[in-house]
Amino acid sequence: MELILVVEMLDPRNDFLFKRIFGSEENRDVLLTFLNRTFEEAGKPPLTEIVLLNPYTDKDAPRDKQSILDIRARTSEGQLINVEMQLFNKYDMDKRTLFYWSKQYAGQLYEGQSYKLLRKCVTINILNYSFLRNSRYHNVFHLAEDRTGIPFSDDMELHFLELPKLDEHEIPAGSGGLVNWLLFLKGSNPSQWEVLAMNEPGLKKAMTTLEFLSQDKEARLQYEARQKYLHDEASMIEGAREEGLKLGKAEGKAEGKAEGKVEGERQKAIEIARNMLNMGLEIEVIVKASGLSESEVRSLKV
């Protein structure tokens with residue numbers, strides 16, 4: 001009797017694994033198809049070619065705490081694209097996005113070069129958590145005038161793909177598009193892969209790569225090392241956040257107690273001043289005894 005071993009599929013949302021699947025030279029066609037589906041859904045023209053600026057290599061060590069395992073590419077028109085997978089919420093995603101976008105944009109120029117050389121930079125964030133306050137799984141941002149919508153510049157383009165918002169979406173039978181890629185990344189059951197691949201033939205190569213990596217011993221070790229680091233980092237961030245909230249509440253209570261004590265002492269001084277006024281004592285004496293100012297004491301006479 002033949003023993004069949006079922007290999008558990010690794011999670012493609014792990015940024016190390018995501019880069020292995022989408023950011024290697026041999027899978028550049030997979031990335032191109034994914035990007036075109038993303039841009040197509042946003043009403044943008046398709047790309048014909050891309051150049052990987054930081055293709056996956058053995059130097060992309062999953063144990064390196066400083067690693068940002070993003071994917072950077074350049075189009076034939078010179079536009080720069082950055083794709084990043086975020087498994088856990090690191091908070092301040094808006095500012096983080098702008099920071100890395102600005103570094104990419106400004107990094108195009110050397111000292112003394114003309115601003116005319118700057119090319120459009122596109123950031124695509126794939127998030128494993130909900131970030132924006134709407135139900136759309138794909139949101140796109142540009143710079144535009146508030147009231148008229150007149151574009152200021154097309155050089156900035158920010159995409160947010162939020163995987164949890166796909167919960168209400170069933171696999172669209174016979175329908176291609178970005179949603180199939182995101183359902184694959186979300187970790188759809190391999191039994192559903194056939195439908196996804198029929199909808200999106202380009203997904204087949206991504207699935208084959210994931211199957212291979214899931215069976216490769218070294219890849220699994222690297223994946224688990226990265227997964228551990230990501231979980232530890234997320235726990236550390238969440239712990240620091242909760243500690244900050246507790247500290248804020250404690251400081252608020254302490255301030256409240258201090259303010260309450262000051263207010264109580266003031267009310268006691270006012271009561272003393274009133275009693276002394278009723279006794280007909282001089283205002284100068286009352287000021288010294290109560291600690292109130294002369295104007296405050298006089299106001300109590302009204």
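**Surface, strands and helices of the predicted model**

The accessible surface of the protein comes to about 18500 Å². Carbon and sulfur atoms account for 53% of that surface. Areas were computed by the Shrake-Rupley method with a 1.4 Å probe, and for residues only the protein chains shown count as cover. The model is predicted: local features need pLDDT of at least 70, side-chain atom pairs count only at pLDDT 80 or more, and totals for chains, interfaces and linings use all residues. Residues are numbered from 1 along each chain as its sequence is written, and side-chain values use heavy atoms, without hydrogens or water.

The protein has 302 residues, and 40% of them are buried. Buried means under 20% relative accessible area, exposed over 50%, and partly exposed in between (1.4 Å probe, protein chains only). The secondary structure comprises nine helices and six strands. These are DSSP runs numbered from the N terminus: helices are H or I with at least four residues, strands E with at least two. Contacts are defined by heavy atoms within 4.5 Å. Among contacts between residues at least 6 apart in sequence, 61% join residues at least 24 apart.

Strand β3 (residues 80–86) is largely enclosed by the rest of the structure, because seven of its seven residues are buried. Both faces are covered. Leu-80, Asn-82, Glu-84 and Gln-86 lie on one side, with Ile-81, Val-83 and Met-85 on the other. Strands count as paired if DSSP finds at least two bridges between them. Strand β2 (residues 71–75) runs antiparallel to β3 and is joined to it by four bridges. Ile-71 stands opposite Val-83 in this pairing. Four residues lie between the two strands of the hairpin, where Gly-78 takes a positive phi near 95 degrees.

β3 also pairs with strand β4 (residues 121–127), in the parallel sense and over seven bridges. Here Glu-84 stands opposite Asn-125. The chain passes from β3 through helix α3 (residues 93–106) to β4 in a right-handed β-α-β crossover. Right-handed means that, with the strands pointing away from the viewer, the path from the first strand over the helix to the second runs clockwise. Asp-92 lies in the loop between β3 and α3. Asp-92 has a positive phi of about 55 degrees although it is not a glycine. Most residues other than glycine have a negative phi. Asp-92 counts as exposed, at 55% relative accessibility.

Phe-22 belongs to helix α1 (residues 15–22). At 0% relative accessibility, Phe-22 is buried. Beyond residues up to four places away in sequence, Phe-22 touches Asn-27, Val-30, Leu-31, Phe-34, Ile-71, Trp-181 and Leu-185. The C-alpha atoms of Phe-22 and Phe-34 are separated by 8.7 Å. In helix α2, the buried residues include Val-30, Leu-31 and Phe-34. α2 (residues 28–41) has 14 residues, which should span 20 Å at 1.5 Å a residue, and its end C-alpha atoms are 20 Å apart, in agreement. The expected span is 1.5 Å times one less than the number of residues. Just after α2, Gly-43 takes a positive phi of about 80 degrees.

Helix α6 (residues 203–215) reaches 19 Å from its first C-alpha to its last, close to the 18 Å expected for 13 residues. Leu-203, Ala-206, Met-207, Thr-209, Leu-210, Leu-213 and Ser-214 are its buried residues. They lie on the same side of α6, because they cover an arc of only 160 degrees around the axis. The arc is that of the directions from the helix axis to the C-beta atoms. Phe-212 and Gln-215 are exposed on the other side of α6.
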